[in-house]
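Here is a short tour for anyone meeting this structure for the first time. Have a look at it below, then read on.

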Amino acid sequence: MRAEILAELRNDAEGAVKVALSKGSLLSHSGGMREYLFECRTWHDSLDGAPVLARPSRSRKAWDPAEASRAPDGTVRLATKADFGATPAHIQIRKDDSANWAALAERLETAGSQDSPVDADHAGWLVGRGTPRTGHAANPGQWVANWAGLQRDAVAQALASEVLFLWGPPGTGKTDVVGHIVEGSFRQGLKVLFLAPTNVAVDQALERMCSLLEHEEGFAEGIVQRSGSIVLPSLRSRYGDQVDPARIAALLVESIDRQISTAADQLKGARAALLLHDRVRDLESDLATGTEEMAGAGRDHAAAAKAVAAADTLATQLRLKTEKAGQPTGPFAERRAAKLRDLRTALAHEEGESARAREDVSRAARRHTAGEKQAAEARRALPAARAAVLGIPPRQNVVESVASLQERLDELGQKRKRIQDEVRSRCRVLGATVAKAVQSRKLLDEVDVVVIDEAGMVNLPSAWFAAGLARKRLIVAGDFRQLPAVTKGDGDRAASEEERAHSREWTARDAFHAAGLVDPSGRVRQDPRLVALDTQYRMREPICAVVNEVAYPDAPLRTGRENTSRLPFAPLIDASVILIDTSGRRIPGGGRKPHMTNAVHAAVIHELVRGLQYEGILPGRKWQEVPEGERATDRLAVISPYREQVKALKSSLAHRFGEDYDGLVDTVHRFQGSQRPVVLLDTVAGAGKDPGFFYSGTGLSSQTCRLLNVALSRAQDHLVVVADVAFLRKHLAPHSEALAMVDHLEAHAQTISADQLIPIRDADQLATMSAEELARPAFFEHSEVLEAVAWDVERAQRGIELYSAFMDAPPVRRWARMLEPKTAAGIQVTVFTRPPEEQQEPSRVARHREMVGQLEAVGCRVEFRDRMHEKVLILDGSVLWHGSKNLLANIGPTDLMMRYTDPASCDRVRRLMEHTRMERPARAQWRPAGETAPVSEVPAQRAGAQDGKVYPGLVRDGRLYLNVSYEQRHEAKRLLRAQWDKEARHWWVDEAKVSREQAARWLP
């Protein structure tokens, strides 16, 4: 757990909600804590009241824990131990997900102590320790009502065993089986704690349990309860009054609440009457005090005045004696001088007494004035105050009434509390999240049975803690081949290999693996503790066959439903499994991770959805009042492995439907626990060096297998997979589950080419097409691109943005002639290209500058972008050309380019390129071979190259060094004639024959 906390602090949290703070100032620093004040333009409600992490923007250092609070004026106060300086310019904050781990660590540290609720022996059942009893109930029907016989063995074994591991693959009715196990345990007289990793999973299972137990005596009074907030609307509407402890208590204490309300109102009135009496008493006291103060001040004033007169008289006499004494001369001068001193001392004393007496006179006058004012004010206010208490019982009576009513309220409050405790004590089945169980001191007074559902998604320490709460029985249900628990310690690059291995062993594993039910290869072992559900009722048989091929080759699922679709017939999806192959229609992605987006796939899915709208399967654009069951999210799920592609698809389909449907497009994790008649799986991968981390795993326990299993098994009637089959075949591991999916789809699915959805057009067709046809995506052969682009440029009215990393003279001259009339007409034309300093040869630097000058001479604005690769043309912010062709150069592939009209896609591509530009690390300018760059220009991570070290991207002695993996060595040799440098331990190519553009996939 400590490793998980550290991993969370070191994690970059890509995709997490982050809030930018700016223009900070240090407000205070004491006790090691610093408080900052920041401006905040965009706040996120999920951070309200939540612990956060903070660090400087664009930093890659560890995050620091902090507390954030947002003021009404939009400013944010941040309290943290971190030192961000006196005036931090930019700070990022995000939610701190390590809090649950910290709570779990605290609870586990006390496990085994007298105060801990955890039974370590029973917790050991989860990890294969001990010898828990397993059995088989002879007559489970006595405890389970309406017994239909389905999955009978699982329930029968659960009701006679101390431990049961229930393996429930997708669609096998695991929720029903778990519901019957809880039902039977309840009727056996046992108290059940049901736990799941998410609120939705808790609510879905609890709703099923309620349907089985709603006719039991005491159901309305709370024999089944939900700890925590209900998030499932159907559970709230059907059983909220019966399972929500607050609502149950509210119904039972309604009479008490009425009495409390009446007594509270009476107490409020009595206290108001007491205040009126106290007002009269205070005014009378003020009047008496003021009058007495006036009298006292008068006496003090007279005494002080008399003292002034006496002191003044004595002082006058002393002055006369002093004057009469004159100067001390003669034979008795010393005696006369002493007498004169005595006279002067006495005079000073009397003058002081006179001054003090005068101050007493002034003070007495002020007291008299204040007392007079106090008495006058009290005298003026008393009549109204006395009138206000007329008809009110005497003050003593009111005081006694207040005391009596307060005592009554306290008694009612205690009675109310006892009823709430009583409601809690009535609970026999309690549903909660695993996190709630870990963080709560006590959910139930006694727990006989613990049921952990979706256990494959629960980290092992949490599952161990939950299992230890069971006194008599432990049920672990889930599918270890679906989504695993979210952990970070096993992938923390800053941790040592020993620490990562420890995390893999103790936090990343699920209960099924920890119990020894799964062998190292991921295959299931036969074990008396394990019962597998082997019949699924969700998917049509051909869809189930794909899922079996990928995730259950050792334990294939049977299909228990008919092989017919519940949707109206639609020619576009007339098969249950469809493969849309985009091979050969590839547009290289931009940025550091080109495999995470695929514009061709986005266009294919956009057109497929358009077709389903036309055929009436999906609602049309901006349809109103669509019946339940026919909404887009009722019938369709679009699943993509990468968030970047999800954003593109959401934007495209929001335009297609006229609104943004929540839950229509998302990553695999978001669809766990759901199902849809039609699922579109976008495999995305089609560019870059590899398909990305989603496809990197192999084996039945791998992340790849689990994620593919979830994605494929969401489909009920129609599964449509969009894939660049050639790219995947080229890059997937030979024995990977992803390749098994591709093999199966090619052999058994109905295959549709991308061309059937996105046609290949000729340039001369543009002039004859309708506006609707022009808006649709279309491919153009390399030979047709320039003529088709010229047709679009001629019709541009507002602006033209041209992205081309490289330039050659003939294309630049041609484009200059094409663009000059547009700039002359006031249309803004912006060309984005690499700076001259990035050209690979000295001669090309000058030529590049000359071509930039030609474009600027015809009115084009030229902007330089370091190391850019994008090849894009945007016209009027709505028409997008995207592909692999550098429009201003003769170099590069001759693949197709795609044209489509979609303002949202233009904005998205523009933002993507800007984001990529900001992410791209700086690169030193080109220098001739043998010329050494100044130390200040050598990146820190490459500084060692000056000492003879070789790194990918280095040019030395005409050799361009590459980063070629062992698996790709033959491809590099075949395509680029790459050779191996034994001393440098790197592959290289001849720089004179191979450009960086051609070798881009093996360069940093």
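## Helices, a sheet and a glycine

Let's start with helix 2 (residues 99–109) and helix 13 (residues 460–467), which pack with their axes 11 Å apart and at an angle of about 45°. Keep in mind as you read that this is a predicted model. Helix 2 and helix 13 are therefore oblique to each other, and their crossing is left-handed. On the helix 2 side, the contact is made by Trp101, Leu104, Arg107 and Leu108, while helix 13 brings in Pro461, Ser462, Trp464 and Phe465. Sorted by class, that contact of helix 2 with helix 13 has 6 nonpolar, 1 polar and 1 charged residues.

Another helix pair is helix 20 (residues 703–712) with helix 22 (residues 737–748), packed at an angle of about 40° with axes 9 Å apart. That angle makes helix 20 oblique to helix 22. Here Thr704, Cys705, Leu708 and Leu712 of helix 20 meet Glu737, Ala738 and Met741 of helix 22. By class, the contact of helix 20 with helix 22 has 5 nonpolar, 1 polar and 1 charged residues.

Here are the two pairs next to each other:

| Helix pair | Angle | Axis separation |
|---|---|---|
| Helix 2 and helix 13 | about 45° | 11 Å |
| Helix 20 and helix 22 | about 40° | 9 Å |

Threonine 830, for instance, has arginine 861 in strand 26 as its bridge partner.

Finally, pick out glycine 222, in the loop between helix 6 (199–213) and strand 9 (224–226). Is glycine 222 buried or exposed? Its relative accessible area is 0%, so glycine 222 is buried. Leaving aside residues up to four places away in sequence, glycine 222 touches Gln242, Ile248, Arg426 and Cys427. Glycine 222 and valine 789 are 567 residues apart in sequence and, C-alpha to C-alpha, 70 Å apart in space.

Methods:
Residues numbered from 1 in each chain as written. Predicted model: local features only at pLDDT ≥ 70, side-chain atom pairs only at ≥ 80, totals over all residues. Heavy atoms only, no water. Axes fitted to C-alpha atoms, helices over the stretch in contact; angles between N-to-C directions. Helix = DSSP H or I, 4+ residues; strand = E, 2+ residues; numbered from the N terminus. Parallel < 35°, antiparallel > 145°, perpendicular 65-115°, else oblique. Left-handed = near helix turned anticlockwise from the far one by under 90°. Contact = heavy atoms within 4.5 Å. Nonpolar A, V, L, I, M, F, W, Y, C, P; charged D, E, K, R; others polar. Buried < 20%, exposed > 50% of the residue type's maximum accessible area, 1.4 Å probe, protein only. Pairing = 2+ DSSP bridges.
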